[in-house]
Amino acid sequence: MSDIVLEVRGITKRFPGVLANDQVDLTLRQGEILALLGENGAGKSTLMNIVYGLYHPDEGELLVKGQAVKLNGPRDAIGRGIGMVHQHFQLIPVMTVAENVVLGEEVVRAGGVLDRAKAEQRVRDLSHQYGLEVDPAAIIEELPVGTQQRVEIVKALYRKAEILILDEPTAVLTPQEGEELFAIMRELAARGVSIIFISHKLKEVLAVATRIMVMRAGRVVGEAEPAEATEASLASMMVGRDVILQVPKAPAKPGDVVLHVDALTALDDRKHQAVSGVSFEVRAGEILGIAGVQGNGQTELVEVLTGLRASGGGRVTIGGRDLTHATARDYTLAGGAHIPEDRHRYGMVLQYTVADNLVLNYYFQAPFARGLQVNQPAVDANAVQQVKAFDIRTPTIDTRGGSLSGGNQQKVVVAREVSRPIKLLIASQPTRGLDVGSIEYIHRQIVVQRDAGCAVLLVSAELDEIMALSDRIAVMYKGQILATLAAADATREQLGLLMAGVH
Amino acid sequence: MDPVIIAAVLSSALRQSTPISLGALSGLFCERSGVINIGIEGMMLMAAFTGFVASAVTGNIFLAILVAVLTGMLMALFHGWLSIQFKVDQIISGTVINILAVGLTGYFYTRNLTTQGKLEPIALPGLSQIPIIGRVLFDNPPITYLALVLVFVAHFVLFHTRWGLRLRAVGEHPRAADTLGINVIWMRYANVVIGGALAGLAGAFLTLEAVGSFERGMTNGRGFISLAVMIFGKWTPLGAWAGALLFGFTNALQTQLQFSGLGSVIPHQFVGMLPYLLTIIVLAGFVGRARPPAAVGQPYTKE
Amino acid sequence: MQIKSPTFLRSLTQTLVLPLLSVVTAVLVGSLFMLLNGYNPLAAYAGMLDGAFGSPTSVARTLLSAIPLLFSGLSVAFAFKGGLFNIGGEGQLFLGAVASAWVGVAFAGLPGVIHMTLAVLAGFIAGALWGGISGALKAYTGAHEVITTIMLNNLAIILAGWLVSQGGEGQTPGPLRDPDPLNIVPRTAQVAESARLPVLFKLGSESINFGLILAILAILIIWWLVWRSTFGFELRMVGLNPSAGKYAGVNVKRTTITTMAIAGGLAALAGAIETLGRNYYFAPNFNTGYGFDGIAVALLGKSHPLGVGLSAVLFGAMDAGTTRMQLAARVPSEIIQIVQALVLVFIAAPEIIRFIYRMRLEKEERAALSAGWGQR
C-alpha cells in the first residue's frame, strides 16, 4: 500500500542477557495514531530507539516510505523525516526554546554566526501553524513540563518530521494536560503526520489511538482496534494473564496519630519554594496516599520528612517527638522507614554487597556493630534471613547490589526498611519501573505493614497505585495539599481535576 | 600616588594576568564541553619548555610560539584520549598530565640552552601616548595583546556562533545533543584540543614573553589558579578575565610591596602567600554561586 | 582470611596483572627513551637493581625511601576510598616535619618515650589540621579538594620556609630557625635525643629506625579502619555514593573532614619520620617529592594498604637505585621520574594497557572524583 510510511520487518535486538526485541513486525500508515502498548521492559522503547537510529538491530530491516534504510544514528532518522519525543525530555534546561529547537540545524549567517532573530521567527511560525503555543525566547527550565513537551514536538516538526514517536508522553502530565496533548496529536494526524504513541496506560491508549499494538517480552502479541478493545482485554494481552487490578485488603483500623505535619515548608535545589505550608497526619494502621503530578513538591516533602532536606518552617512530629529538624539518622532511630523514590541514588550503594545493603542505615547498631567494628557474621546472618524471607533473587549474599534486577534491588530496599520494628513507613514511587510481579509483591508488603499497625505514607505519580492502596488520599499541587479525601469516595475525575489545580 | 607607579602597577597587573586569563579560557573550552581539565598546569609547563627549546634551537621566536601551542594541543589530545575515549576519571587523567610534564621537563632540562631573547613590547602608535591608559593598554608585548583579543573572541564564539551553541549543548546535556545528530565525542575532543592550544599559549607567554628562559616548575600553580578564576567568572570568558585581572593585580601589588619599605614589617613570604590564599577564598566563595556545565566530569557513552 | 573458591585466585591475578604490566611497560618505554638519547638501558637498569638491592646498604636505602612513600601513598589511598583526592601530601609532609622538629627541639628534657610520641603526634596533628582545612572547605563550600590541597601545598611550603628562614635585609629570622650563629643553613636546631626514633638495626652502613614499625602498624590500622570498622563502612559509602551515605544517616560533612584530616595526618607522618628518624632537624630541602609520589604509589597499589606497601617498596627501590644507575650508565637521574610518571599513566589508564596487549581486564570499582565542582 502506498500510504504505509514506516515498516518494520523482523527486527531482533539482543542486550547482554536480554532479548529486547524478538522478530518484531510493525506497519505505520500516514495520518494514523498507532499506540504501542506494553508494560515496562516489554521492548517498546528499544524498538522505537531502533526506528530512531539510536540502536542498531541485530536482525531485520526498516522501510521508510517503501525504501529499505539503514540508520546510523538519529541524524539519519531525522533526515528520513522521523522525529522522537523521548520520555525524558532531551532539552537543555539553561538554553532558550529557540536554541533548543534549532540545535544541530542552526540558522546561521556567514561564518557560522547564529541568527537568533530568524531562529525565533521560525519557531513562532511553526508554533502558530500547528497551534503549539510556545515563547521562543523563554528559558526551558522556567517552563512547565507540558510546555516543554510542546517544545519537543516543535523540535521534531522543525526538522520536518512526518513520523513522530512519542515515548510515554503522559507520564509527567496531569490528566488535563494529557487531554491537551491528545488534541495536539489529533491535529497533527489530521495534517498528515503519522504518530507512534508508546504507553502502558490502558485508558489513554483507548482514548487517542486509531490502532493499538501490544508488546510483551520483546514480541508483538496482538493488535486491536480501539472500538473493539476493552481495558480488561488489553491488560490480559499485556501481561499474558488476568491481572488483579485491585490489591486485596481489609478496611483500615486507624489508631493513634503517628506522623503529624503542620504548616511545613521547604525549598527545592534551586532555592525556590517547593513545599508551601503542608499539614496532614497519618495514623497507625492506615495508608495515606499523596497523589499529584511529579514536580509538585512531593519529592521535597518526603525528603524533609525523612531528614534528607532541611525544613524551611513548620513542624513535624513522629510519635509525639519533634523531628522538624531531624537528620536521616534521627528519623531512622525514631522508628521511621523510607523507601526512596530513586533507589540508585539513595536506596542503595550499587557497589556494596547485598548483605551490606541490607544493613545500609543501621550498620551502626547492635548486633551489626560491635564497638567500632562491623560485626560481619551478624550482617551476613541477617542477609541470609532476609533473602529468604523476601524472596530476593541473588546468586549469593556477597553479590554486588548493582548486579541485581530492578525488582530485586527494590526488594532489598523494602526488606531492609520493613524488617525492623517501625512505626512509620514512607514509600515514594515504590514500584516505578518494576515488572508486574514485583509490583504486586511490594503492594502486598505495604498492606502487610499497615495491617501490622504501621502508619504508611505513600507517594506516587501513578493514580492507579494511589487508588488501589490508599485509605485516604491527599492531592498535592504546587507545594500545597488541595484536598484530602476518603479513598472510598474519590473518583479518578475528581482526583484528576485536583491534580491539575482545579478545586 | 605617583602616576608613574600607578601605571607600572596596572601594566604589570595586565601582564601578570595574561597566563591566568589564557589558562582560564583553556579551562572554559574544556569544561563547557563537559571535560574537567585539571592538567592545564602541566600543559602550560610543557609548552613553556618546548617553546623555550624551540626558540633556543631555531632562534625564531614565532616558530617557538607555534611549537608551544602545538605542544599544548598534543597534551590536550592525550587528555582527551584518556578521558573521552577511555573514560578515565578526568581528575586522574589531568593529574597524570601534570606529573608527566614535571617528569619530562625535568629530564630534558639538563641540557645547557641559552636564550634567544624574548618578545618585547610593541607600542601602538598614537594610542600608547594617552596618559596612564596608553602605557597600560597599548604598550604591551604580543601575547598580552593576543590574550586580550582572545577573551572577546572566546565570548563571541561561545555565545554567538553555531560552534559555541553546540559546544555548550554537549557540556550541558550530551544525550540531547546526540539525539540531534551532534557528534559529542568529536566536539569534546575538538574543544579540549582548543583548550590545550590556549594553555600552550600561556606556556609560551611564560618563557618567551615574561621571563625569557625556562625554570623547573615555573608555572607555579598558575594552571590551578586559572581554574579558580574560571569558576569565579561563572564559566564565562569576560568573568574569568575579570578574575584574572584581580590576580594579576594582586601579583603586581605583591611585587610593589616587596620593593617598598614594607618588606621589613611583613615578611616577604607572607606577601608571597597572597595569590594562593586568594585562590582558596575565591574558590570557597564562588563555587556553588554559579552552576557549572551540567555534564562536566561525566564521560559520555553512546547508547 | 578464608579463601573462597577459584574466583578468589582469579581476582587476585586480575589485581596483580595490571600493576605488573604497567610497571613492565613503563620500564620498556623508559628504555626506548634511553636508547633514543644514546644510553644503554640494560646497563642503566642493572645499575638501578644493584643500587636498590645489591648490598645490605642498598636494601636499607630502598627501605628508608619506601617508608615515607608508604605514608604518603596510604594518605592518597585512604582519601580515595572516601571519594576524595588528596594532592596535598607535599604540604602536609612539610608541616608534619616542621611540627615534629619543633616539639623535638622545644620540649627537650621530657622522658624518651613520651617525648618521641609527642613529637610524632605533633606531626600527625599538623598534617591533619592542614588536610582538614581542605575537607572542611569541600564539605561546607564545595571548593574542590584538588585545587585547595595544591594551594595549601604552596602555602605550607612557604610557611615552613619562613619558620626557619635566615632573615636579613631588615627581616627577623624565622621563629624556629636554629639560633646557633655558626649555622648558616636555614634549618631548625637538632631535635633532642629523647625525641628521636630509636634505631632498630643496622643494615650495611645504614640504620633502620622505628619508622619501619610505624609503617607496618599503619598498613594494619588503615586496613582495619577502611574494611572492618563502622567508620570505614561510612567512608566507603560516602566515597561511592554520597547521597546514599546521607540517606543511611551518615554525617557526610563530618566524614569528609575526618577523611581529609586522617589523610593529611598520614602524609605528615612521612615528614615526621624523616625528621625524627633520619635527619634530626627540619630543613626546607629535606623532601624529594615524596608527597606527589604518593599519588602514583596509591594508584599502583590499587588503594589497598598492602598493595600500597608493595608499590612503596618498588618506588623506594627506584629512588634508591637512581644514583648507582647514574654512575653506571651516565643516564640523568630524571629518567626515573619519567619511568615513574609512565607507571602512573598506565595504572591510571588501564585501558592503554588493555589496548597495547589486546587483553580483557575486569573493570574495577572506583569512586568518581570528577563528579563536578559542587558540594557533596
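Mentor: This is a predicted model, and a residue in it is called buried if 20 or more other C-beta atoms lie within 10 Å of its own.

Trainee: How do you know that the reach of helix 2 of chain B is close to the expected one?

Mentor: Helix 2, residues 40-58 of chain B, spans 26 Å from its first C-alpha to its last, which is set against the 27 Å expected at 1.5 Å a residue. After this helix comes B:Gly59, with a positive phi near 75°.

Trainee: Why is A:Gly314 called partly exposed?

Mentor: A:Gly314, a residue of strand 16 (residues 313-318) of chain A, has 18 other C-beta atoms within 10 Å; because buried needs 20 or more and exposed needs 12 or fewer, a residue in between is partly exposed.

Trainee: Which residues does A:Gly314 touch, leaving out those up to four places away in sequence?

Mentor: A:Gly314 touches A:Asp262, A:Ala263, A:Leu264, A:Thr265, A:Gly277 and A:Thr324.

Trainee: How many residues does each chain give to the contact between chains B and C?

Mentor: Chain B gives 41 residues and chain C gives 42; on the chain B side, helix 4 of chain B supplies the largest share, 12 residues, and the residues of that side divide into 26 nonpolar, 14 polar and 1 charged.

Key
Residues are numbered from 1 along each chain as its sequence is written. Chains are lettered from A and ligands numbered from 1 in the order in which they are written. This is a predicted model: local features need pLDDT of at least 70, side-chain atom pairs count only at pLDDT 80 or more; totals for chains, interfaces and linings use all residues. Helices (H or I, at least four residues) and strands (E, at least two) are DSSP runs, numbered from the N terminus. The expected span of a helix is 1.5 Å times one less than its number of residues. Two residues are in contact if their C-beta atoms, placed from the backbone, lie within 7 Å. Ala, Val, Leu, Ile, Met, Phe, Trp, Tyr, Cys and Pro count as nonpolar, Asp, Glu, Lys and Arg as charged, and the others, Gly among them, as polar.
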